[in-house]
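My entries follow in the order in which I looked.

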Amino acid sequence: MSYTLKQTRRFARAYKKLHDNVAADVDAATDVVASNPDIGERKKGDLADLLVYKFRSQRQLYLLGYTVDVDVQLVYLEAVGPMRISTGTLSGRSSV
């Protein structure tokens with residue numbers, strides 16, 4: 001059974017800025033989440049209500065953040081964007 005999708009304003013703004021080919025991959029990811037909302041990883045701490053589904057587009061890892069309301073079978077799409085990796089400590093030099 002598929003859940004209904006609802007976009008938040010933050011998601012809609014981020015989605016609008018994506019290239020068409022990335023947007024198509026986001027559409028495919030939202031279909032996966034709608035059909036199985038438990039597929040994402042639950043965040044910890046203050047963001048414990050948020051689930052994150054990871055997918056690849058254009059050889060880059062993207063994250064799709066969403067929340068689920070089981071009572072009305074609704075998935076709220078909260079945010080989408082590329083995964084950012086901090087490279088500050090990878091060079092072996094201290095940043096101090």
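I take helices (H or I, at least four residues) and strands (E, at least two) as DSSP runs, numbered from the N terminus, and the expected span of a helix as 1.5 Å times one less than its number of residues. This is a predicted model, in which local features need pLDDT of at least 70 and side-chain atom pairs count only at pLDDT 80 or more, while totals for chains, interfaces and linings use all residues. Residues are numbered from 1 along each chain as its sequence is written, and side-chain values use heavy atoms, with hydrogens and water left out.

Entry on helix 2. I find 16 residues in helix 2 (residues 20-35), and the distance from its first C-alpha to its last is 23 Å, close to the expected 22 Å. I then looked up burial, where buried means under 20% relative accessible area, exposed over 50% and partly exposed in between (1.4 Å probe, protein chains only). The buried residues of helix 2 are V22, A23, V26, A29, T30, V33 and A34. Seen down the helix axis, these buried residues fall within an arc of 140° (taken from the directions from the axis to the C-beta atoms), so they line one face of helix 2. On the other side of helix 2, I note D20 and D31 as exposed.

Entry on T30. T30, in helix 2, has a relative accessible area of 7% and is therefore buried. Counting contact as heavy atoms within 4.5 Å, and leaving aside neighbours within four places in sequence, I find T30 in contact with L5, F11, L64 and L77. The cover over the buried residues of helix 2 includes strand 1 (4-7), helix 1 (9-16), strand 3 (51-57), strand 4 (60-69) and strand 5 (74-82).

Entry on the strands. Two strands pair if DSSP finds at least two bridges between them; strand 3 and strand 4 do so in the antiparallel sense over 7 bridges, with F55 opposite Y62 in strand 4. Their hairpin has 2 residues between the strands, and Q58 in the turn has a positive phi of about 55°. Strand 4 and strand 5 are also paired in the antiparallel sense, over 8 bridges, and here G65 stands opposite A79 in strand 5. The hairpin of strand 4 and strand 5 has 4 residues between the strands, with Q73 at a positive phi near 50°.
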